[in-house]
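Q: I am new to this structure. Can we go through it feature by feature?

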Amino acid sequence: MKLMDYHSHNRRCGHARGEIEDYVKVAIEKNLKEIGITDHFPLGVIIDDPQLEDVIKRASMEVNEFSNYIEEIKSLREKYKDKIKILISTEINFATPGRALTRQKKVLEPFMDDIDYLLAAIHDIKWHDSPIIILDPRESSDALEKYSIDKINLEYINKLYKLVDTDFFDVIAHFDNHRVLLRPNVPKYSETTWQKLLDLLDRIKNKGMAIEINTSGTLKNVGSQFPADDIVKEMIKRDIALILGSDAHRPEYIGYMFEEFINKAKKWGLSHLCSYEKREQKLVKI
Ligand SMILES: [Zn+2]
Ligand SMILES: [Zn+2]
């Protein structure tokens, strides 16, 4: 079957290469049915510390770029409409359910009629007495010396609960992103933390949210896609809606490892993926 890649970036975010059109062209070459454009939603919306200006520039597009971004996708969608379906989206860094989300919603509001799905992602964790732990081993190498693996598992899952309970997003990207801190090992979950994760999957199923199978995990040395195999099996068991995303930051990574994942997951019972249009989810048989 022809597949969909629902996670792609471009030069606007400051750390990806190529124009949106370059990604679209590769998607057409690779015979994909749909490509979702999901560049990082402006971090400047939630961080206004001038000292962090450089960090923000390398993490996402500028706040006033967002409308140009949407317009560019719309015109490409028209230009390539006979060759591929292009979806409008953005990867939103989930910070907190309070003030940050309110600000993000306000900037998104004028574009909500154009959005096909909203991708939410967690890139850092923090709990009451901890510093901010950025989920990047280069930035947080000492986190594992200070905190146990299960503490990190637990706090990451706690944040996922908050994300899910906003009832605002359609899809969760790189579901176990905290694994980048623990690489190359798959984190061992204690019995209680694992149970908490299974309860979260039940909640996601009940709410009808989708979870992304993010194949960039293989490139980031975590040993597999995000989420790890054991979690994917639990998702399939619960019939949770799944999408495929390469998280490509270079055009050539569009559709990366999709066939390999599908062949593996079919043995675990995967029979459907889902697609989005104007925030409506549809199941697609594979
Ligand atoms: Zn990125
Ligand atoms: Zn991300």
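Q: How many bridges join strand E8 to E9, and do they run parallel or antiparallel?
A: This is a predicted model, so read every feature as part of a prediction. Two bridges join strand E8 (residues 171-172) to E9. The two strands run parallel. For one facing pair, look at Val171, which stands opposite Ala210 in E9.

Q: Which strand pairs with E1, and over how many bridges?
A: Strand E1 (residues 4-5) pairs with E2 over two bridges, in the parallel sense. Met4 stands opposite Glu34 in E2. Now follow the chain: from E1 it passes through H1 to E2. This β-α-β crossover is right-handed.

Q: Which strand do four bridges join to E2?
A: That is strand E3 (residues 85-88), which runs parallel to E2. Find Ile37 and you will see Ile88 of E3 opposite.

Q: Are the faces of E2 covered or open?
A: To judge a strand, check the residues on each side. In E2, both faces are covered. Glu34 and Gly36 are buried on one side. Ile35 and Ile37 are buried on the other.

Q: Which residues touch the most other members of the largest nonpolar core?
A: Start with the general idea. In soluble globular proteins, nonpolar side chains tend to be buried together. The largest nonpolar core here has 70 residues, and Ile35, Ala120 and Leu242 touch the most other members. The largest share of this core comes from H1, with five residues.

Q: What is Ala120 in contact with, leaving aside its neighbours within four places in sequence?
A: The contacts are Ile92, Phe94, Leu163, Phe169, Ile172 and Ala173.

Q: Which residues of helix H10 are buried?
A: To read a helix, compare its sides. In H10 (residues 258-266), the buried residues are Phe258, Phe261 and Ala265. They cover an arc of only 65° around the axis, so they lie on the same side of H10. On the other side, Glu259, Glu260, Asn263 and Lys266 are exposed.

Q: What covers the buried residues of H10?
A: The cover includes E9, H9 and strand E10 (241-245).

Q: Where is Pro227, and which residue does a cis peptide bond join to it?
A: For a cis bond, look at omega. A cis peptide bond joins Phe226 and Pro227, with omega about -10°. Pro227 lies in the loop between strand E9 (210-214) and helix H9 (229-237).

Q: What is the phi of Asn31?
A: Here, check the backbone angle and the residue type together. Asn31 has a positive phi of about 65°, although it is not a glycine. Asn31 sits in the loop between helix H1 (20-29) and strand E2 (34-37). Asn31 counts as exposed because 10 other C-beta atoms lie within 10 Å, and the limit for exposed is 12 or fewer.

Q: Where is Arg279 found?
A: Arg279 is in the loop between strand E11 (272-277) and strand E12 (280-285). Phi of Arg279 is near 65°, a positive value in a residue other than glycine. Arg279 is partly exposed, with 13 C-beta neighbours inside 10 Å.

Methods: Residues are numbered from 1 along each chain as its sequence is written. Chains are lettered from A and ligands numbered from 1 in the order in which they are written. This is a predicted model: local features need pLDDT of at least 70, side-chain atom pairs count only at pLDDT 80 or more; totals for chains, interfaces and linings use all residues. A residue is buried if 20 or more other C-beta atoms lie within 10 Å of its own, exposed if 12 or fewer, and partly exposed in between; C-beta atoms are placed from the backbone. The arc is that of the directions from the helix axis to the C-beta atoms. Two residues are in contact if their C-beta atoms, placed from the backbone, lie within 7 Å. A nonpolar core is a set of buried Ala, Val, Leu, Ile, Met, Phe, Trp, Tyr and Cys residues joined through C-beta atoms within 7 Å. Two strands pair if DSSP finds at least two bridges between them. A crossover is right-handed if, with the strands pointing away from the viewer, the path from the first strand over the helix to the second runs clockwise.
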